[in-house]
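Subject: Structure for you to look at

Hello,

Here is the structure I said I would pass on. Please open it first and then read the notes below it.

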Amino acid sequence: MTRIAKGSMAGIGRRAVLAGLVATWAGGISLRAAGLPDAPAADAPRIAALDWGIAATLMALGVVPVGVPAPRWCDRYVVDPVLPASVVDVGLLFTPNFEVLLALAPSLIVTTPTLQQAAPMLQRIAPVYGDLLFQPAPDVLEIAERGTLGLADRIGIRDAGERLVDSTRVELNIARQRLSGYAGRPVLLASPLDNRHVSLFGLNSLYGGVLRHIGLPLAEPNISGEFMIVGLEKLGAYNDATMVLIDSPLAPGMGSRLTENRLWRTFPFVREGRLRAIPTVLGSGGLPSASRFARLLAAALSDNGKETP
């Protein structure tokens, strides 16, 4: 079943949409006839997730959301797990499409505090649950654990929440053990923006939280928030670091294109082979992202527990 693209209802008047939906429900016609996926089993939760980290967490809990903002972009950032094609596009991250949400008839809408102003409108459609799965803070991983368990409690699957917390801790400990013999340099975590700028991530980021748990030193511990944007010329201050470059869907392939920049080629972490590249990891993705980043980081930095020359 194909997803509803954003704006696909733009040419239909609101009254016509709602009238059509009323007629559909009254007549017993399947949602497929209205361009929406068939309803799941009666006991399956119908949850609209208005955040990609929430969507990833629900999938990890074994619950497929019925609607997610921009699902294709969600897949590009989350990567794993991939949303099924049945998941409906409910607009953009900060501008949900209320008509589509109403048509989906969710039993619960899960959002983040960033959409607090929209809560009164959303509550006219379904009960709204909003809690933090991610917040830049020294205890970023603990926040993700509490948020995961709170979400699992809300939808009645506490056991699944506890299993996800436990499996994430196992993944982080495996990465810690794999890198226990790492004798390398402090790690600089960055994501390319263009051929002149990168985002540097600090200890308050999800990436930094994983690094702290694994026990590796961060080359730039003084970032107050999640990240800071710097020009390439600033990277000269981190000549002793190992650079871990995290790919971004907003600038795909930019990491490899940085080699065309003459300044980039002068940095010791480039010249001396201390540059590692890893695929995209959603930085606000909660526990699933923490597990994915731990696996990728361990693979990038280890060769039988030692830094690759």
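The lining of the largest pocket divides into 22 nonpolar, nine polar and four charged residues. Here Ala, Val, Leu, Ile, Met, Phe, Trp, Tyr, Cys and Pro count as nonpolar, Asp, Glu, Lys and Arg as charged, and the others, Gly among them, as polar. This is a predicted model, in which local features need pLDDT of at least 70 and side-chain atom pairs count only at pLDDT 80 or more, while totals for chains, interfaces and linings use all residues. Residues are numbered from 1 along each chain as its sequence is written, and side-chain values use heavy atoms, with hydrogens and water left out.

The largest pocket holds about 910 Å³ of space. Of the 35 residues that line this pocket, Tyr 77, Glu 226, Leu 282, Gly 283 and Ser 284 are the closest to its centre. A pocket is an open set of points on a 1 Å grid over the protein atoms alone, where a 1.4 Å probe fits and protein lies on both sides within 12 Å along at least five of seven lines; lining residues have an atom within 4 Å of a point. The volume is the space filled by probe spheres set on the points, which are joined across faces, edges and corners.

Helix H2 (52-60), helix H3 (71-78), strand S9 (197-201) and strand S10 each give at least two residues to the lining. The largest share, three residues, comes from H2. Helices (H or I, at least four residues) and strands (E, at least two) are DSSP runs, numbered from the N terminus.

Now the charged pairs. The whole structure has seven salt bridges, each being a side-chain nitrogen of Lys or Arg within 4 Å of a carboxyl oxygen of Asp or Glu. Side chains of opposite charge can pair when their charged atoms come close. Asp 153, Arg 158 and Glu 162 are linked in a network of such bridges. Arg 158 meets Asp 153 at 2.8 Å, N to O, and Glu 162 at 3.1 Å. Why are Glu 162 and Arg 158 separated by about one helical turn? They are four residues apart in helix H7 (residues 158-178), so about one turn lies between them.

Arg 158 is partly exposed at 34% relative accessibility, as is Asp 153 at 41% (buried means under 20% relative accessible area, exposed over 50%, partly exposed in between, with a 1.4 Å probe and protein chains only). Elsewhere, Arg 146 forms a salt bridge with Asp 139, with the closest N and O atoms 3.7 Å apart.

Regards
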